[in-house]
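Welcome, and please open your viewer. We will take a short walk through one model, making one selection at a time.

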Amino acid sequence: MHITMKQVTYTDSRGLDTSRPTFSEVVVRGIAPGGGLYVPESLPSFALPEILELAEWPYWRRAAAVFSRFGVDFCAEHVDALMQSAYGAQWDDERIAPVVEVVAGIHVLELWHGPTSAFKDMALQCMPLFFSAAVDKMQASGELADDYLVLVATSGDTGKAALEGFADRDHTSIVVFYPAGGVSDIQRLQMVTQRGGNVGVFGVLGNFDDCQNAVKAAFNDQAFNAELHGERHLKLSSANSINWGRLLPQIAYYVSAYADMVAEGGVKPGSPMDVCVPTGNFGNILGAYYAKRIGVPIGRLLCASNENNVLADFISTGTYDISSRVFVTTPSPSMDILISSNLERLLYELAGAEAVRGWMASLAAERRFTVDRETFAAVRELLTADWVTNDESLATIGRVYAERGYLMDPHTAVAWEVAERLRGEDPVLVVSTAHWAKFGTDVFKALTQTAYDAPLPKGADSLSGLELLDEVRRIAPNAGSVPTPLAEIAVLPERFGEVADAGREGIEAAVRGWLER
Ligand SMILES: *Cc1c(COP(=O)(O)O)cnc(C)c1O
């Protein structure tokens with residue numbers, strides 16, 4: 001029997017798209033025409049017993065329950081099948097997103113058991129399957145004749161997670177651009193050893209900004225789009241973190257985590273837990289916000305920033321201001337951001353599309369905006385924020401390991417430190433976004449009390465990325481093993497060594513060359 005739930009249609013945060021697309025349409029489109037972000041027109045709700053029941057189910061079934069409740073336009077059997085392959089044997093813990101109690105009252109939600117050892121896998125093991133299924137469905141109905149080429153500019157984590165998610169998926173191919181010399185040794189190896197017949201990887205002669213601007217320019221180049229469409233029946237897509245298809249899986253793990261917290265005795269059924277999230281683009285913490293809206297007993301949303309603390313400032317002042325902000329380098333590079341794109345969705349939920357249009361226009365023109373008093377009060381009601389310096393985050397790694405034998409990566413450490421500062425009566429769920437081995441150099445500095453800006457201590461300064469991981473395990477015996485896909489990258493063949501020129505022409509030439517391969 002095919003049970004089809006009520007389909008939910010979407011609107012956008014700036015109120016400019018009135019076409020009322022379905023889930024599969026918004027996944028394929030990514031951003032709305034006019035620049036807004038897609039949001040569901042109505043939100044579902046879960047009753048407490050329905051949430052608690054999830055604790056008895058495998059993770060894939062929990063995620064399927066959340067997707068179906070959100071009215072995705074696929075039948076329940078199809079959602080189940082996609083979820084079983086998204087959250088299957090490629091994860092190194094069958095619980096997928098386990099909750100671990102590290103100190104009484106502080107629990108860690110580990111989101112890095114996937115194939116690339118970072119939380120991006122939670123969304124990117126799932127979303128490409130729905131993307132591919134959505135294209136399939138549109139082609140079958142005659143709505144669409146093309147396949148998709150996904151272009152990604154990455155500063156490290158996203159590129160690998162997207163490659164792994166899209167590798168060998170039907171109707172899609174993916175080309176990733178990273179700044180040559182601007183990613184860690186391990187991050188580069190993770191990308192250039194990627195398997196799959198539909199993937200390409202290029203270093204770009206420039207920094208991450210150059211990469212991103214060049215990829216954006218290629219997207220906006222009408223002639224290039226027409227050429228791909230005319231000669232190859234390809235459309236471009238970006239699959240970036242503002243895609244609703246990446247957000248929905250991030251709601252699912254908060255619902256799942258609350259069920260686990262109750263089952264493990266960390267919180268009484270129905271009592272609130274606070275959630276503390278290391279935040280960059282506001283995507284992960286937005287998942288927690290929506291989970292709260294649909295009925296998960298979440299108390300405060302604790303927003304943890306690194307030295308790029310524009311969000312912490314916004315939450316304490318009501319003004320988002322990047323007009324004179326400088327971008328800082330930190331040991332938590334995946335949170336190094338100035339424009340926190342997904343904040344727009346929260347502002348939409350609190351103040352509506354008209355207000356968002358004004359604020360986004362002001363952000364584009366003056367690099368700042370200030371929300372009205374009522375919206376600011378609503379922000380303060382929901383969110384509490386703090387931020388952590390580079391050296392504080394490394395000190396936290398060292399201290400928590402020394403006291404508890406639990407080794408964290410620098411992103412998680414930002415959240416841990418903020419959780420300790422801001423915690424109240426309720427238990428806190430600290431969201432852990434990467435395995436420590438992804439950021440071995442800074443973890444090694446943390447364990448040897450080396451300052452973030454200082455070089456590695458003598459003896460360690462000549463070690464390669466992987467050798468340094470062995471060194472970490474030697475000085476931190478409780479660290480656990482290095483995830484197999486990371487440990488094995490040194491022996492995999494490097495498939496991609498090509499370098500592209502920065503700028504639109506460089507990116508386009510690289511894509512053309514790759515398509516001719
Ligand atoms: C992407 C990322 C983050 C930031 O997540 P947002 O959704 O952008 O807030 C934090 N930690 C790690 C390890 C990441 O890869």
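A crossing of two helices is called left-handed if the near helix is turned anticlockwise from the far one by less than a right angle, and right-handed if clockwise. This is a predicted model, in which local features need pLDDT of at least 70, side-chain atom pairs count only at pLDDT 80 or more, and totals for chains, interfaces and linings use all residues. Residues are numbered from 1 along each chain as its sequence is written, and side-chain values use heavy atoms, with hydrogens and water left out.

**Stop 1: two helices**

Select residues 440-447, helix 19, and residues 465-475, helix 20. Helices (H or I, at least four residues) and strands (E, at least two) are DSSP runs, numbered from the N terminus. Helix 19 passes helix 20 in a left-handed crossing. Their axes come within 9 Å and cross at roughly 30°; axes are lines fitted to C-alpha atoms, for helices over the stretch in contact, and angles run from 0 to 180 degrees between N-to-C directions.

Which residues of helix 19 and helix 20 make the contact? Show side chains for Gly-440, Thr-441, Val-443, Phe-444 and Leu-447 of helix 19, and for Leu-468, Leu-469, Glu-471, Val-472 and Ile-475 of helix 20. Contact means heavy atoms within 4.5 Å.

**Stop 2**

Now find five strands forming an open sheet in the order 8-5-6-7-15, with parallel pairing. Two strands pair if DSSP finds at least two bridges between them. At the edges, strand 8 (234-237) and strand 15 (499-501) each pair on one side only. The twist averages 30° from one strand to the next.

Select strand 7 (residues 199-205), which pairs with strand 15 over three bridges. Leu-205 has Asp-501 in strand 15 as its bridge partner.

**Stop 3: strand 5 and its neighbours**

Strand 5 is largely enclosed by the rest of the structure, because six of its seven residues are buried (under 20% relative accessible area with a 1.4 Å probe, protein chains only; exposed is over 50%, partly exposed in between). Four bridges link strand 5 to strand 8, where Lys-235 is the bridge partner of Tyr-148. Six bridges join strand 5 to strand 6, and Ala-153 stands opposite Phe-177 in strand 6.

Finally, select helix 6 (residues 127-140), lying across strand 5 (147-153), strand 6 (172-179) and strand 8, at about 150° to strand 5. Helix 10 (residues 222-232) also packs on the sheet, touching strand 5 and strand 8.
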